[in-house]
Amino acid sequence: MSTKREFTVAIYANEYKQICAWVLKHQSLETGGDLFGLWSDADSAVIQLVLGPGKNCQRATHSFYQDVAYLEKVGSNLTDNDGVCHIGEWHSHHTIGLKRPSGGDERTVWTNMPKYGLSRFLLFIANIETRSYRCEAVSVGCFLFEFVKGTNQKLEVLQGKFHLLPNESPFRSKCLSVLKKGAECLNQNEDVKSLKIINTGRNMERPVMGGQKPRKPRKHKGRTVKRLKHGDGPETVNENEEEGMLFRIVNEIRRRCPFCVLL
């Protein structure tokens with residue numbers, strides 16, 4: 001009897017917020033970084049530190065390439081001094097609406113895993129939430145890529161759940177000087193602290209962090225039309241005002257003639 005595969009990623013809440021803050025800095029381009037931690041067992045991993053983009057990264061609307069030299073420098077320091085490993089990557093799909101790895105993402109991960117002798121790998125996909133929230137908000141999904149042990153047989157890409165750990169990762173302050181050198185930018189404390197959990201998503205699959213700043217309301221660009229002003233020449237009026245006038249006229253007709261239901 002087969003059992004359903006499940007997977008959980010434990011991550012410090014502030015490290016999750018770090019991802020969200022970086023994503024909000026590039027709202028129409030992809031950005032990304034790397035995940036350092038340990039595999040707890042076959043069904044879980046712990047993320048100790050999230051790495052952001054290096055200064056020589058490359059990004060476009062539908063692609064992100066990490067600064068490899070920056071990744072190698074930080075990765076070597078973390079592995080040699082703290083015993084944590086590079087177990088995954090993250091990147092954003094900003095507002096394009098794709099909340100899982102693209103076909104290109106999957107091909108890249110599956111192709112590179114055997115090159116580095118990896119049997120499993122994590123990929124986080126972050127999205128800017130454009131609906132339902134009155135503030136800038138980001139959610140992140142975690143996906144496990146895994147081969148059957150001892151083979152090159154691919155298991156189905158599995159979406160996991162998050163377990164947000166309280167407080168801050170001790171690794172960030174400890175490695176701050178290493179993180180700074182070669183980084184494109186580090187998040188300011190206020191960028192991270194201003195983010196709050198506003199929705200835990202379905203079973204913690206995609207916790208939503210928001211509250212950094214209110215979303216600006218869209219301005220309605222009404223066209224300018226002409227109307228005659230008593231005793232003068234033409235006067236300009238915004239289309240919104242014209243619509244208001246039309247609404248009042250229609251209501252007046254309805255009041256006088258209740259049978260005009262089609263107006």
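Biologist: What's the bridge partner of His 91 in strand 7?

Modeller: That's Ile 125. This is a predicted model, so to speak of local features we need pLDDT of at least 70, and side-chain atom pairs count only at pLDDT 80 or more, while totals for chains, interfaces and linings use all residues. Numbering starts from 1 along each chain as its sequence is written, and side-chain values use heavy atoms, with hydrogens and water left out.

Biologist: Which way do strand 6 and strand 7 run, parallel or antiparallel?

Modeller: Parallel, with five bridges joining strand 6 (residues 85–92) to strand 7. Two strands pair if DSSP finds at least two bridges between them. Helices (H or I, at least four residues) and strands (E, at least two) are DSSP runs, numbered from the N terminus.

Biologist: And what handedness does the β-α-β unit with helix 3 have?

Modeller: Strand 6, helix 3 (residues 103–115) and strand 7 make a right-handed one. Right-handed means that, with the strands pointing away from the viewer, the path from the first strand over the helix to the second runs clockwise.

Biologist: What about strand 8, how does it pair with strand 7?

Modeller: Antiparallel, over ten bridges, with strand 8 covering residues 135–146. Ile 128 stands opposite Val 138 there. The two strands form a hairpin with five residues between them, and Ser 132 in the turn has a positive phi of about 75°.

Biologist: How many residues of strand 7 are buried?

Modeller: Ten of the ten, residues 120–129, so strand 7 is largely enclosed by the rest of the structure. Buried means under 20% relative accessible area, exposed over 50%, partly exposed in between (1.4 Å probe, protein chains only). Arg 120, Leu 122, Phe 124, Ala 126 and Ile 128 point one way, and Phe 121, Leu 123, Ile 125, Asn 127 and Glu 129 the other way.

Biologist: Back to helix 3. Which of its residues are buried?

Modeller: Asp 105, Val 109, Trp 110 and Met 113. Seen down the axis of helix 3, they fall within an arc of 125°, so they line one face of the helix. That arc is the one of the directions from the helix axis to the C-beta atoms.

Biologist: What do those pack against?

Modeller: The buried residues of helix 3 pack against strand 6, strand 7 and strand 8. The face turned away from the buried side carries the exposed residues Arg 107 and Lys 115. Just after helix 3, Gly 117 takes a positive phi of about 65°.

Biologist: Where does Phe 147 sit?

Modeller: In the loop between strand 8 and strand 9 (158–159). Phe 147 counts as buried because its relative accessibility is 7%. Its contacts (heavy atoms within 4.5 Å), leaving aside neighbours within four places in sequence, include Trp 110 and Met 113. Phe 147 and Arg 120 are 27 residues apart in sequence and 6.4 Å apart in space, C-alpha to C-alpha.

Biologist: New topic, helix 2. Which residues are buried there?

Modeller: Tyr 70, Leu 71, Val 74, Gly 75, Leu 78 and Asp 82. Those lie within an arc of 115° seen down the axis of helix 2, so they line one face. What covers them includes strand 2 (32–41), strand 3 (44–51), strand 6, helix 4 (170–174) and helix 5 (176–180).

Biologist: And what caps the N-terminal end of helix 2?

Modeller: Asp 67, with a side-chain oxygen 3.2 Å from the backbone nitrogen of Ala 69. After helix 2 comes Gly 83, whose phi is positive, near 75°.

Biologist: Gln 66 is in the loop between strand 5 (63–65) and helix 2. Is Gln 66 buried or exposed?

Modeller: At 16% relative accessibility, Gln 66 counts as buried. A polar atom of the Gln 66 side chain lies 3.1 Å from the backbone oxygen of Gly 52, and there is also one 2.9 Å from the backbone nitrogen of Gly 54.

Biologist: Last one, how many helices and strands are there in the protein chain?

Modeller: Seven helices and 14 strands. Buried residues make up 42% of the 263 residues in the protein chain.

Conventions. Polar contact = N/O pair within 3.5 Å; in protein donor to acceptor, adjacent residues only side chain to side chain.
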